[in-house]
Amino acid sequence: MWRRKKTEKTNQSETNIFPLKVDALEKFFKEKFNYHDDLKFTKYTVNKKKVAVFYIDYLIEGNKLGQIIEPLVDLNPEIDLTNKNLLNELPYSSGTSTNTIEDIHKKLIIGFVFIYIEMEKAVLAYPFSMKETRSVEKAETESLVLGSKIAFSESILINMNVIRWQINSTDLVFEKFTVGTQAPREVRIVYMKSIANEDDVNTMRQRIQELDVDQIEGTIVLKQYLEDSQMNLFPQFDETELPDRLAYNVTRGKIGVLVDGSPTSFTAPATLFSFLESTEDLYMRWQAGSFLRILRFLAMIFSILVTPTYVAAATYQYAIIPSQLLISIGQSRAAVPFPPIFEALLLEFLIELLREAGARLPTKVGQTMGIVGGIVIGQAAVEAGLTSNILIIVVAMSALSSFTTPSYLFGTTIRLIRFPLIILAGLLGLAGIVFGLCWLIIHVLRLTSLGRPYLVPIYPLRLADFNKVFFRTPFSFVSKRAKSYRPKDLLRFNKKDAKQKRDIDE
Amino acid sequence: MRKITLMILSMILFLSSCVQTFQLEDLGIITSRGVDRADNNDIEITMSVLQFQANSTKPTIIVSGVGSTIKGAVEDAGKKVSQELVPGKLELEMYSRELAEDGLKSYIDTLKRDANIPDTVRLAVTEDNSREILHTQEEHISTNVGEFLHGLVQPGAEQRLFPEVSLQKFARIINDEGIDPILPIIGLREETPVITGIALFKDDKMKGQLPIKDEYYFTIIEGLTQEELIEIEIPTDSVEKYLIHGNGGEEQLKIVLLIEKGTGDIQLTDKDKLHFDTNIKIELSLLEISREYKLDDAKALKKLEQEIEKVITSRYEEIFSYLKEVNTDVFGYGEKYRIKKKGGKLSDKEWDKSFPTIHSNFNVNVNIIRHGTVNR
Amino acid sequence: MDINVTVKSNLQIRAFYLFFIIAGVQIGVGIIGAPRFVFLEAERDSWLAILIGFLFICIVVGAMFMILQQYENADYYGIHIDLFGNWLGKLMGTILILFLAGSFLSILMTYIQVIQIFLYHGLPNWIITSLILILALYTVLGGIRVVVGVTFVFFIITISLLVVLYDPLLRLNMYNYLPMFQTPLPDLLKGAKATAYTFSGFEILMFIYPFIKDKQKAKLPVYLGLTFTTIIFILITMISIGYFSALGLKNIDWALLILVKSASFTFLERLDYIVVITWIMVIIPNLVLLMWAIAYGIKRLYNFQQRKTHYIFAGIILIVVNFFHFDYQITKLTDTIARISFWVVYIYPLLLLPIVLIKKKRKSQGGDNAS
């Protein structure tokens, strides 16, 4: 949970050592500066005054540096060298002056270049910072068939740029925060001023402001700090690496969060069903989109239920299996020396191993790994009498279904839920499964995301939102935004205009 | 939250020792069983049991046991196999004729009382004893005995459709007033089990039997007939003028027909004298005829239909008088009487007395709606 | 203690959930065995008996609404205090709470009995109880919002179980319904009385009413909920009559479960197992609503923390269930509760109404005099 910041640490001692001689400054840095090895300290004499230029060379852009050193050195001899004059002469408008050591320290490590004219009361600072970033690339974890494939990169500037071009609106707000006491990072919340619910924005703002941590490792970590409850399995905010997914959510009234240096973003509030949505559904025809959405939903249920049901049927309620199937299941079970629960756990464990190994290895090796693991180990396990071949099919189907969730985090949750259910099924049979399911339903009912119910639009029931969540209808029917997120402005376009029909032969 | 998680964990530890497991490979799953009378008033039970062994080609075994009750006999049989015998997938239960004649009520009660036994169990009576039928050698039939027998009595599985007799239906009919149940009779022909007849019950006691070829007379009245073959012989003389090549010296014209749709309807016409009308409507399609016949002639077709009607009506009347003779009302005349009676109540005893005195007209209406690709 | 309840706006629920609350709390274990009880009295015309029962309930609910409308935002507990004074009012409230606890126990025990007959013969009472209590506790600790949510979601899920009734529908014997309208009126009334236990549960209205957001819209969903229950009840009873013989139905304890015994899909057989197990989802809304009403009542009467009441109550139930070993004990418990519920649920509100009206009249007169 997010803890309250005790008190602002503003009363740090501010030391002002200026004015002083350039040599004294150099000496000062040598003695007091933790990373003086990195510091480049160059001294020039311009118009009979000593001038020092200092910076950390790997944080700045070299060619920009040249562009101020040159005019500095070739300064018109008639000009009196003062801070004020220099600011006017140099071809960059971003220069500022500063006079505390602390400020200089902070700015040095984010790539400023400082110019100090001997015996002046302040130092001139130019932001020439250079960030090494990856250029925008194709999405890796959330791969799409249709739609824009651009993914977020590690630079928040690039990310904001991408989003701005996706939503070219004056309504779009990037609110800036800094999180982390020891190693601060820039955090931005993204929302549409005229659409997003103000309470939600305030809640998010408050949670970020009140967060008191030394540092955050990235968006996903920040997300965990900000979530309503950290004690449970389900992710409560929807993470994505796709700008168009973020843009879609933001234009529908959700709030996005970006963190500098992290190639993912997350949106809030989320619901259980928003994890099963993919922007691809929008690009498909509405029939296909609906089909895929329902398919994913069924796949989730199927993936959770199928292995436990096998275990329950093979351990307790044999009578629910149809007679013909019973013979084949029974015969393949007969060779297995373990009880069904152990057999199922073993095989699920194997599949999880394969999946995890595949994810850690480079792509090409990973694929081979999966095939080799699936075919060879599966075959061998059956022949060795470790598992029954029916179970291999069951487990493989369940694994396959769990891959269909667009959100990787949510997919992991589904993977995890299966295990307690298998154990319950092994202990109590069908009763165990139903118990587990009831527990899950109650659990999900109790969850909130940013204070909003997690199971909306089922509970609280909002029938009007069903066509945005469970299936899709043609766009002319979707004239309103989902009421579930309580947007300020519900209407997307005028329904009348969309419904207007021309007569035949007109 | 954490408390509850702890609770669950501790529960699970307790639970693992509490519930009796039925692991598939440790079970002998009874699919069919036959009940016979043994010495000393005991019951002998013979069961076809599914059991699972790795690399075994034969999934079923036949086990038998003796005891004074059904459960006792199953218990006794259970000692002879390594698996636990469970009835959850029971599909067929057969009773020897001897038992059926003494009454099946107590056996039906056992079946109904146990919540594990499905209500879809089919019931049957065996000609002699069920032991022999379950011990049929598997080379005579393509699959195992249990499945074969179940296929025999299950509607839709074979060409021959017997009126469906599941446990639920049988139990309902023996309790209903004014209607009596029937069951199929299974017997051995050339060492292969076949349905040989229809057992007629008075409540839970078997009273008489009819040959299986009369089976459609029952299904039509139930209104269940579909796609069923019948063979009918009519005297050649009556239709001679429509035969293209004359009668050819044959006395009987043999016709094979397919019942497309058959419906029956019983109406009470006189409440005091207990007169009934039994209206039968059958739609047929002609499949085979032993002589060439002028089927394109409307009159000829009409004549043929009339002759078929005559044959069916007379057989219905024969069956009806036999039913009165053994006093079992399997067509449910009593039920039709009951619903017209004031108060809607009719005791079995009352109907027992009046059933032999009732009278019924059989109005059979036959339509040949198709006669194949040729019209002669 | 205040007569009226002040409810925070974020705890209020929309009126239309009353439909699910009423229908969800009425459809419980009662309905599994109900066809038999009604049929014993009213025979083929059971549906008429049920309809009579339904009409009577409508009157009772009408009376409840009239009582509630005399107050700003009160529940049973507050009304008692208002009418009978602090001491007697608290006593009445406590009796009500005991009745609710009794209903809770009888629902739980009946379901345990069903589970033991159909699926787990050797499973001790306390294990089934603790499983159910874990779910119930987890729900009630989430507060009224989760209680209503669970009622709603489980209702939606379990309503799909009705599909299973397709199989007995195909096997009906139409002659079992004929001739109609033969049962004399006294028998019909007895039949209607036999519906009391099944139909009871709607008294929850008197407890949850203060939590309804738009009270002027509350009537329609409540009556619709009652109608829905009645339709389901009639449906199940009529199918049972057509499916079983008259003699058979009189001897069947769990008609609804036997009905689905022959149903099967190609990929799943023995749907009765599934129905028995999934019936837990029908029981839970019953239990959590009762539990909530009990704990909330104790909080209202004695200012005792709801959370603690839940834990203590669960503990007591967990101990009490172990005293029930035999079928007849459970039958006796259910019969007793059924008899009491007839008086508490059906007759009591009708008695209370005139008292409330008189009191109100006197108060308004007294108010005039005073001013």
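**Helix 8 of chain B, and the chains around it**

User: In this predicted model, is helix 8 (residues 215–222) of chain B mostly covered or mostly open?

Analyst: A helix here is a DSSP run of H or I with at least four residues, and a strand a run of E with at least two, both numbered from the N terminus. Buried means under 20% relative accessible area, exposed over 50% and partly exposed in between, with a 1.4 Å probe and protein chains only. In helix 8 of chain B, 7 of the 8 residues are buried, among them B:Tyr216 and B:Phe218. The helix is mostly covered.

User: How are residues and chains labelled, and what limits apply?

Analyst: Residues are numbered from 1 along each chain as its sequence is written, while chains are lettered from A and ligands numbered from 1 in the order in which they are written. Local features need pLDDT of at least 70, side-chain atom pairs count only at pLDDT 80 or more, totals for chains, interfaces and linings use all residues, and side-chain values use heavy atoms, leaving out hydrogens and water.

User: Which residue just after helix 8 of chain B takes a positive phi?

Analyst: The phi angle there is about 75°. The residue is B:Gly223.

User: How many residues of domain 2 of chain B are in contact with domain 1 of chain B?

Analyst: An automatic or database domain assignment supplies the bounds: domain 1 of chain B covers 22–212 and domain 2 covers 225–370. Their C-alpha centres are 32 Å apart. Contact means heavy atoms within 4.5 Å. By that count, 18 residues of domain 1 of chain B meet residues of domain 2, and those in domain 2 number 21.

User: Is A:Ala139 buried or exposed?

Analyst: A:Ala139 sits in the loop between strand 5 (123–127) and helix 5 (156–166) of chain A. Leaving aside residues up to four places away in sequence, A:Ala139 touches A:Lys149, A:Ala151, A:Glu241 and A:Leu242. With a relative accessible area of 11%, A:Ala139 is buried.

User: What is the radius of gyration of chain C?

Analyst: Chain C has 17 helices and 0 strands. The globule rule, 2.2 Å times the number of residues to the power 0.38, is compared with a radius taken over C-alpha atoms. For 371 residues the rule gives 21 Å, and the value for chain C is close to this, so chain C is as compact as a globular protein of that length. The radius of gyration of chain C is 21 Å.

User: What share of the residues in chain C is buried?

Analyst: The C-alpha trace of chain C spans about 75 × 45 × 35 Å along its principal axes. Of its 371 residues, the buried share is 63%.
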